[in-house]
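Here is a short briefing on one structure. Please look at the sequence and the model before reading on.

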2 protein chains.
Amino acid sequence: MKIALAQLNFHIGNFAENTNKIIDYIHQGILEKADLVVFPELAVCGYPPRDFLEFDDFISRCDEALQEIASHCQGIAAIVGSPSFNPDLKGKDLFNSAVFMTDGKIQSLRHKTLLPNYDIFDEYRYFEPNKEFNIIEYKGQRIALTICEDLWDIQDDPMYTINPMDELMSFNPDLMINIAASPFHRHQARIRQQIMLDNVTRYNLPLFYVNHVGAQTELIFDGGSMVLSPDGFIAGQLSFFKEDFQIFELENVINCKESLSVQLRNPDEAVYEALVSGIRNYFEKLGFGKAILGLSGGIDSAIVMVLAAEAIGPENVLGVLMPSQFSSDHSVNDALKLAEIIGCPAKVIPIEEAYHSFDSLLKPHFENLPFSIAEENIQARIRAVILMGLSNKFGHILLNTSNKSEAAVGYGTLYGDMCGGLSVIGDLYKVEVYELARFINRNMEIIPDNIITKPPSAELRPDQKDSDSLPDYEILDKVLFQYIENRKGPRELAEMGFEKTMVDRILKLVNTSEYKRYQTPPILRVSSKAFGMGRRMPIVAKYLS
Amino acid sequence: MKIALAQLNFHIGNFAENTNKIIDYIHQGILEKADLVVFPELAVCGYPPRDFLEFDDFISRCDEALQEIASHCQGIAAIVGSPSFNPDLKGKDLFNSAVFMTDGKIQSLRHKTLLPNYDIFDEYRYFEPNKEFNIIEYKGQRIALTICEDLWDIQDDPMYTINPMDELMSFNPDLMINIAASPFHRHQARIRQQIMLDNVTRYNLPLFYVNHVGAQTELIFDGGSMVLSPDGFIAGQLSFFKEDFQIFELENVINCKESLSVQLRNPDEAVYEALVSGIRNYFEKLGFGKAILGLSGGIDSAIVMVLAAEAIGPENVLGVLMPSQFSSDHSVNDALKLAEIIGCPAKVIPIEEAYHSFDSLLKPHFENLPFSIAEENIQARIRAVILMGLSNKFGHILLNTSNKSEAAVGYGTLYGDMCGGLSVIGDLYKVEVYELARFINRNMEIIPDNIITKPPSAELRPDQKDSDSLPDYEILDKVLFQYIENRKGPRELAEMGFEKTMVDRILKLVNTSEYKRYQTPPILRVSSKAFGMGRRMPIVAKYLS
């Protein structure tokens with residue numbers, strides 16, 4: 001039997017486009033004499049559809065799409081992910097289903113058993129978990145068909161009380177097929193490969209695994225679909241970060257005795273490609289072509305400009321330099337040099353005059369109080385007014401340039417430098433920003449060295465340095481990582497040797513900045529715990545704060 | 001047996017304060033000879049703790065608090081809501097528990113079976129559902145102890161496949177106790193009372209029901225705890241919108257043959273009290289005392305000023321008028337009159353000069369394009385810079401004044417009038433804003449009539465009216481309600497008789513404004529479907545858009 005994996009980039013709710021794409025690849029399968037084409041989880045509507053799933057109209061459109069797709073399955077079968085109505089009165093109204101179709105119509109459905117409901121996942125919000133197990137028989141093969149998370153709970157400390165593959169083994173399957181929506185993070189490709197290898201060796205069955213590719217707002221899908229032999233060899237590997245369609249002969253997979261050489265990207269390279277994909281898909285799927293960003297001469301905006309230029313073309317990325325009386329000469333020069341190297345247009349719009357205008361407007365109301373954070377923020381907010389003015393006038397999307405360390409401790413101005421339609425590096429700690437800069441410069445100086453080597457500064461008051469207000473990033477980022485990614489509390493951090501006063505101060509900054517992060521743009525997710533949908537914190541609270 | 005209900009206002013993560021409050025009421029119970037004091041769901045840590053639950057440190061502090069509380073249960077028992085560790089390796093790490101304590105120590109735990117995971121609820125994110133049932137025996141009484149949602153699934157189309165009270169009935173209980181965290185919306189008090197009445201009549205048992213009171217960021221808890229007889233009479237009713245502690249003799253409850261006269265507030269009155277409570281708790285729990293808001297002379301900012309003045313005192317609410325060249329004289333006069341009536345301080349800071357400063361700064365870059373949304377937004381953003389400048393200088397919290405109709409269709413300026421720490425009326429459609437204004441003015445003219453009667457306008461270009469860009473609010477709000485609250489799609493709306501072109505345009509506006517709402521402040525929730533945590537939509541999508 002010849003099985004094709006169709007690793008595609010879907011557009012949430014764009015039924016016409018998604019349906020046509022699926023049908024095109026079914027025809028491709030027919031052309032290449034495949035017996036079965038497998039598409040990813042919720043392929044029909046795109047993943048994650050979120051609360052669109054609560055609209056009957058949305059589910060009906062999925063049904064209509066499935067009917068149309070099924071009518072094209074002549075002489076071939078397809079497995080397509082889709083939500084489906086739960087016919088039982090009891091339980092939630094929907095299943096997350098894999099729809100098996102052939103001979104021009106839908107033959108049967110299998111439903112997802114394990115519904116991830118942690119981090120960025122909300123599946124139990126919508127779906128009833130499957131409780132009935134059965135295989136699919138097709139062309140003499142017995143297929144154990146599961147959906148994403150169904151294969152992920154095989155560690156010693158299971159999150160669920162049932163294991164769907166254990167259940168399916170009683171039906172003596174010949175192969176496993178898993179349709180997935182497994183989003184990227186820095187280490188996910190390696191983890192995913194290991195989990196899938198653990199499955200084939202545990203069940204001694206071949207596995208056909210197909211994932212999404214492309215980004216959906218903050219979530220980036222890296223593809224990396226794979227075919228594994230029962231003995232744990234990699235018999236097939238689809239591309240990372242692009243659409244792919246490959247056909248495999250089941251017999252060859254079963255007998256495969258040597259792994260393909262699969263070179264997983266190093267984390268910096270993977271993050272670079274992920275962020276580029278995240279930007280590109282955000283623009284393409286929203287129908288925008290041009291980006292704007294504030295260029296400070298610092299490393300954060302430099303990196304964002306490089307990534308945006310790669311994603312949508314340097315000619316479409318406008319850098320705006322907005323020096324104030326506190327900006328150093330090198331800031332302007334470094335930023336202009338960067339734009340020139342990359343080939344992006346740049347504008348210089350000094351903000352001193354606008355600042356003085358606000359200064360004289362507010363002076364009578366500021367009661368002779370000394371220069372403070374208020375005046376610092378006014379500068380950042382003037383810049384936002386300028387950037388958004390240009391964005392509104394010409395239809396650019398403003399790219400946000402905050403990093404994760406700043407976002408964590410609230411070192412940024414709400415409605416100022418925290419503005420933007422998309423946060424590009426908001427999931428990179430400052431030390432990771434530097435790592436990425438070195439990766440970008442690995443062959444030639446794209447980001448001017450001076451931008452990488454000078455001490456970071458917000459330049460909102462004379463001779464300001466980040467290190468005036470914050471611990472060194474080397475230490476800060478370690479504490480933040482333990483608190484945010486690993487959820488270590490103050491007592492555990494003390495045991496790890498971090499200094500208590502510093503830890504208490506950092507955790508307090510993180511928790512009292514929740515109100516700021518609540519209003520930030522969506523952040524491209526490249527870690528296992530990004531700010532945004534995957535980290536839900538109370539604003540009004542008093543814990544470690 | 002004498003049972004006390006302690007309907008209290010907890011502060012999330014503030015273990016010292018919550019623990020002391022619980023212990024104080026246990027002592028109050030001892031003083032008043034109660035046998036048992038019942039506290040709400042997750043009382044120890046406050047509700048909803050959200051992802052703090054993923055920190056072992058947070059759960060350990062809950063444990064420590066429970067130990068301390070238990071040590072005070074001498075000659076009395078208490079039931080206290082708390083998260084607890086799941087000892088089983090399989091399944092999620094936590095339960096949502098009701099902890100029964102007496103004789104100075106924890107005696108046993110009961111866990112929540114039905115974990116709400118819709119709208120603003122995320123409980124399956126954290127908790128393993130209970131699967132073992134048993135009653136609690138205390139002083140000869142057999143108590144069926146459940147937690148909130150456990151009693152809510154009694155309709156004909158159940159959301160869950162198990163019903164915990166049905167299970168508990170096999171143990172022959174004498175009474176039901178339910179500890180809850182049931183947030184307010186416009187009709188919730190009536191619905192809640194009906195659900196609880198349905199339970200007592202179905203099981204023929206008395207019910208002691210205790211809820212939270214007070215607000216937690218966007219969620220407002222209205223209290224309204226109650227005691228019901230097996231025959232469906234209201235034997236006890238605790239206050240709405242304030243802390244309350246009442247003791248009931250079980251025998252009297254069982255024999256109660258006449259309901260207390262419980263006058264539920266009409267929806268406008270309830271919404272008024274809810275919003276006041278929401279503002280007050282936001283300020284108190286964050287430790288802030290002063291609010292600032294932009295006063296446009298329109299009805300939205302007028303209502304917000306009235307509510308804020310009621311919540312934190314008129315002397316603590318600063319209204320700032322920021323007229324531009326497009327502002328009408330009546331706007332300034334109406335706004336000043338309002339501030340004077342309420343007793344709030346007000347400032348007038350004209351923005352024409354600042355606008356001209358940006359105009360001349362950006363003119364060379366705007367390439368002689370005509371006046372557009374860009375210039376309109378610049379005015380709104382200048383106002384935000386002024387308001388945030390004052391807020392930063394003096395430590396005010398900026399109150400947002402957007403309404404739900406505007407938020408729905410994106411009729412507002414991001415980083416302009418969409419700014420603020422808290423959105424006060426972002427869950428009120430424009431027609432509901434008018435209703436609330438009439439409620440406020442029911443006895444005297446607090447909001448000047450002219451503010452209520454003039455046509456709504458953003459005043460960002462000459463002679464602008466909302467009705468230039470939007471359908472009349474009477475119709476717009478009906479369509480929005482059907483789409484947002486009732487999740488009706490375009491085909492259903494057409495069947496209801498709404499005009500197709502208009503519906504398509506409105507739904508498209510709603511869906512393409514998702515990126516704006518992503519960055520708005522938390523919105524006090526007073527409907528069954530508010531923007532924010534309870535409505536999760538993709539930004540990048542193409543459904544009805």
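E6(B) and strand E7 (residues 141–147) of chain B are joined by three bridges and run antiparallel. Across this pairing, B:Glu137 stands opposite B:Arg142 in E7(B). The model is a predicted one.

**The mixed sheet of chain B**

- Six strands make up an open sheet, in the order E6-E7-E8-E9-E12-E13 (chain B). Its pairing is mixed.
- The edges are strand E6 (136–138) and strand E13 (234–237) of chain B. Each has a single partner strand, so one side of each is left without a neighbour in the sheet.
- From one strand to the next, the twist averages 20 degrees.
- Helix H4 (residues 188–203) of chain B lies across strand E8 (175–179), strand E9 (207–210) and strand E12 (226–228) of chain B. The helix runs at about 30 degrees to E12(B).

**The parallel sheet of chain B**

- Another open sheet has five strands in the order E17-E16-E15-E18-E19 (chain B), and the pairing is parallel.
- Which strands stand at the edges? They are strand E17 (346–348) and strand E19 (422–423) of chain B. Each has a single partner strand, so one side of each lacks a neighbour in the sheet.
- Strand E16 (residues 317–321) of chain B is joined to E17(B) by three bridges, and the two run parallel. B:Val320 has B:Lys347 as its bridge partner in E17(B).
- H10(B) lies across strand E15 (291–294), E16 and strand E18 (397–400) of chain B. H10(B) runs at about 170 degrees to E15(B).

**Strand E1 of chain A**

- Strand E1 (residues 2–7) of chain A is mostly covered, with five of its six residues buried.
- E1(A) pairs with strand E14 (residues 244–249) of chain A in the antiparallel sense, over six bridges. There, A:Lys2 has A:Glu249 as its bridge partner in E14(A).
- E1(A) also pairs with strand E2 (residues 36–38) of chain A, in the parallel sense and over three bridges. Here A:Leu5 has A:Val38 as its bridge partner in E2(A).
- From E1(A), the chain crosses through helix H1 (residues 15–31) of chain A to E2(A). This β-α-β crossover is right-handed.

- In helix H9 (residues 352–362) of chain B, the residues B:Ala354, B:Ser357, B:Phe358 and B:Leu361 are buried.
- Why do they sit on the same side of H9(B)? They cover an arc of only 95 degrees around the axis, which puts them there.
- An α-helix has 3.6 residues a turn, so residues three or four places apart point the same way.
- B:Glu353, B:His356 and B:Ser360 are exposed, on the face of H9(B) turned away from its buried side.
- What do the buried residues of H9(B) pack against? Their partners are helix H9 (352–362) and helix H10 (373–394) of chain A, together with helix H10 (373–394) of chain B.

- The same surface serves both copies, as 100% of the contact residues of chain B recur in chain A.
- In chain B, 82 residues are in contact with 82 residues of chain A.
- Several helices of chain B each supply at least two residues of the side that touches chain A, among them helix H2 (56–71) and helix H6 (267–286). The largest share of that side, 14 residues, comes from H10(B).

- Most residues other than glycine have a negative phi, and most peptide bonds are trans.
- A:Tyr47 and A:Pro48 are joined by a cis peptide bond, with omega about 0 degrees. A:Pro48 lies in the loop between E2 and helix H2 (56–71) of chain A.
- B:Tyr47 and B:Pro48 are joined by a cis peptide bond too.
- A:Cys148 is not a glycine, yet its phi is positive, near 35 degrees. A:Cys148 counts as buried because it has 27 C-beta neighbours inside 10 Å.
- B:Arg50 has a positive phi of about 50 degrees. B:Arg50 is buried, with 21 other C-beta atoms within 10 Å.

How values were computed: Residues numbered from 1 in each chain as written. Chains lettered and ligands numbered in written order. Predicted model: local features only at pLDDT ≥ 70, side-chain atom pairs only at ≥ 80, totals over all residues. Contact = placed C-beta atoms within 7 Å. Buried ≥ 20, exposed ≤ 12 C-beta atoms within 10 Å, placed from the backbone. Helix = DSSP H or I, 4+ residues; strand = E, 2+ residues; numbered from the N terminus. Arc of directions from axis to C-beta. Pairing = 2+ DSSP bridges. Right-handed = clockwise from strand over helix to strand, strands pointing away. Axes fitted to C-alpha atoms, helices over the stretch in contact; angles between N-to-C directions.
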